[in-house]
Amino acid sequence: VIDLGADGAPFLASLQSFASKFVNPQVRRLRLNAFSSASDLPLTCQRLKIAVLKWAYSQEARFGFCPVPDCGKINQIPSSSVEKAESVLHAAHVGMASLIGELQNEYQKAQWLGHFDAKVASAVLEAKQGATNASLSRAIGVHVTAMCVKLAKLLGEAKGGTEKVQA
């Protein structure tokens with residue numbers, strides 16, 4: 001939490017918004033080592049840390065706990081690939097903020113961003129040892145494209161048709 005900027009960090013607000021709307025703490029919780037595993041990611045990858053936690057929350061819970069993400073595998077991926085994943089997350093949260101802001105309500109915003117983050121995190125977490133920049137970029141690209149199509153569909157529903165959504 002301190003690494004993320006403590007109370008005033010936008011990263012934590014994103015996690016809190018996601019968890020408050022989509023996580024029933026009596027059915028799914030994260031163990032403390034999930035947070036320590038995410039903290040092992042590079043200090044410059046704050047959004048990826050939060051995305052990994054959202055990914056963990058979106059997994060099937062066993063005995064009331066969600067699985068602990070294996071962030072140790074991420075350290076075996078080229079650092080430039082991890083930085084690219086961070087920049088994709090930044091582009092969605094900051095660069096697409098005005099588009100996401102056009103969604104109908106806070107629930108939809110938190111849901112779309114939560115799914116986006118979890119999908120990018122899954123591509124990074126599921127990368128094989130020795131994965132290349134190209135293979136990881138392709139995996140992330142597939143998820144990003146699908147989520148952008150979903151965003152266009154949601155915006156089209158809000159505006160009365162996808163032809164009214166800017167490219």
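Predicted model: local features only at pLDDT ≥ 70, side-chain atom pairs only at ≥ 80, totals over all residues.
Reader: Why is Cys71 called buried?

Author: Buried means under 20% relative accessible area, exposed means over 50%, and partly exposed is in between (1.4 Å probe, protein chains only). Cys71 has a relative accessible area of 1%, so Cys71 is buried. Cys45, with 2%, is buried for that reason too. Across the protein, buried residues make up 43% of the 167 residues.

Reader: And what makes Phe63 exposed?

Author: Phe63 has a relative accessible area of 77%, which is over 50%, so Phe63 counts as exposed. You'll find Phe63 in the loop between α3 and α4. Its phi is near 55°, a positive value in a residue other than glycine.

Reader: How do you know which residues Asp70 touches?

Author: Contact means heavy atoms within 4.5 Å. Not counting residues up to four places away in sequence, Asp70 touches Ser37 and Leu125. Leu125 turns up again for Val52: leaving aside neighbours within four places in sequence, Val52 is in contact with Ala38, Leu41, Pro69, Cys71, Ala121 and Leu125. For the protein as a whole, among contacts between residues at least 6 apart in sequence, 74% join residues at least 24 apart.

Reader: What makes a group of residues a nonpolar core, and which residues have the most contacts inside the largest one?

Author: A nonpolar core is a set of buried Ala, Val, Leu, Ile, Met, Phe, Trp, Tyr and Cys residues joined through side-chain atoms within 4.5 Å. The largest one here has 47 residues, and those with the most contacts inside it are Leu48, Val52, Trp112, Phe116, Val124 and Ile140. Elements giving two or more residues to this core are α1 (10–22), α2 (32–39), α3 (46–57), α4 (79–95), α6 (106–125) and α7 (133–159). The largest share, 9 residues, comes from α6.

Reader: Why is the pair of Phe22 and Tyr107 called tilted?

Author: Rings of Phe, Tyr and Trp (its six-membered ring) pair if their centres lie within 6.5 Å; planes under 30 degrees apart count as stacked, over 60 as edge-to-face and the rest as tilted. Phe22 and Tyr107 are 4.8 Å centre to centre with 50° between the planes, so they pair and count as tilted. Phe22 lies in helix α1 and Tyr107 in helix α6, so the pair ties together parts that are 85 residues apart in sequence. A search of the whole structure finds 2 aromatic pairs.

Reader: How do you know that the charged end of Arg29 sits over the ring of Phe65?

Author: A charge sits over a ring if NZ of Lys or CZ of Arg is within 6 Å of the ring centre and within 35 degrees of the ring normal. The charged end of Arg29 is 4.4 Å from the centre of the Phe65 ring, and Arg31 also lies over the face of Phe65, at 3.9 Å from the ring centre.

Reader: Last one: how many disulfides are there, and what would count as one?

Author: A disulfide is a pair of cysteine sulfur atoms within 2.5 Å. The structure holds 0 disulfides.

Note on methods:
Residues numbered from 1 in each chain as written. Heavy atoms only, no water. Helix = DSSP H or I, 4+ residues; strand = E, 2+ residues; numbered from the N terminus.
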